[in-house]
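Welcome to a short tour, to be followed in your viewer one selection at a time. Please load the model and have the selection tool ready.

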Amino acid sequence: FKTPLGAGVLKFKVQQGLDEDALNGVKLLEHDESLDQIFKKRSVFAADSRNPNPAMRKLLPLFGLKNMLCAAIYSRKHPVAILAVGNKKEGFTYNTEDYDLLDIFAKQVGIALENDFLTRRVEELEVNDALTGLYNRQYIHNRLDEEIKRAIMHQRPCSFILAQVKDFAPYQN
């Protein structure tokens, strides 16, 4: 499950086991009672023979499952997804190891998402090329866009010179 922030309706993605076509008609509102439980308590929730939680059991028929274990995935202190596993076995119960494993995996996915966000942010914030010390391509593109907008706003000409240095090695310190 993935929560598009502010969209109000959740989107579903299947990685293994369920028929993706079965999810086409599934719609849950972002503030559904069962989802609120998963997101607010920050713990693993189960709907199985041992846990007759009505809010969670409501999710099972939507996916054609008899049992389901869910954990929220957080990035930047906000819920961004739900990791879920399920099966169609009668009388099945999840054990403590299942809870712990899903909890650890959900936290690792959250860490990976946070790491990806931070890596992208650092790349956006970098202004100089590490090798040459010159402004990097992204910075030059951003500045060029700003200068073109400024020239248009003030109705003045704008020019830009781009040079390529051949045999750059002798010029390095």
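You are looking at a predicted model, where local features need pLDDT of at least 70 and side-chain atom pairs count only at 80 or more, while totals for chains, interfaces and linings use all residues. Residues are numbered from 1 along each chain as its sequence is written, and side-chain values use heavy atoms, leaving out hydrogens and water.

Next, go to the start of α4: a side-chain oxygen of N95 comes within 3.0 Å of the backbone nitrogen of E97.

Now colour L102, A106 and G110, which are buried in α4 (under 20% relative accessible area with a 1.4 Å probe, protein chains only; exposed is over 50%, partly exposed in between). An α-helix has 3.6 residues a turn, so residues three or four places apart point the same way. Show β2 (67–75) and β3 (78–87) too, since the buried residues of α4 pack against these strands (DSSP runs of E, at least two residues; contact means heavy atoms within 4.5 Å).

Then move on to E126, in the loop between α4 (96–125) and α5 (137–154). Is E126 buried or partly exposed? E126 counts as partly exposed because its relative accessibility is 43%. For a last stop, select N136 as well: ten residues from E126 in sequence, N136 lies 7.9 Å away, C-alpha to C-alpha.

Note on methods:
Helix = DSSP H or I, 4+ residues; strand = E, 2+ residues; numbered from the N terminus. Polar contact = N/O pair within 3.5 Å; in protein donor to acceptor, adjacent residues only side chain to side chain.
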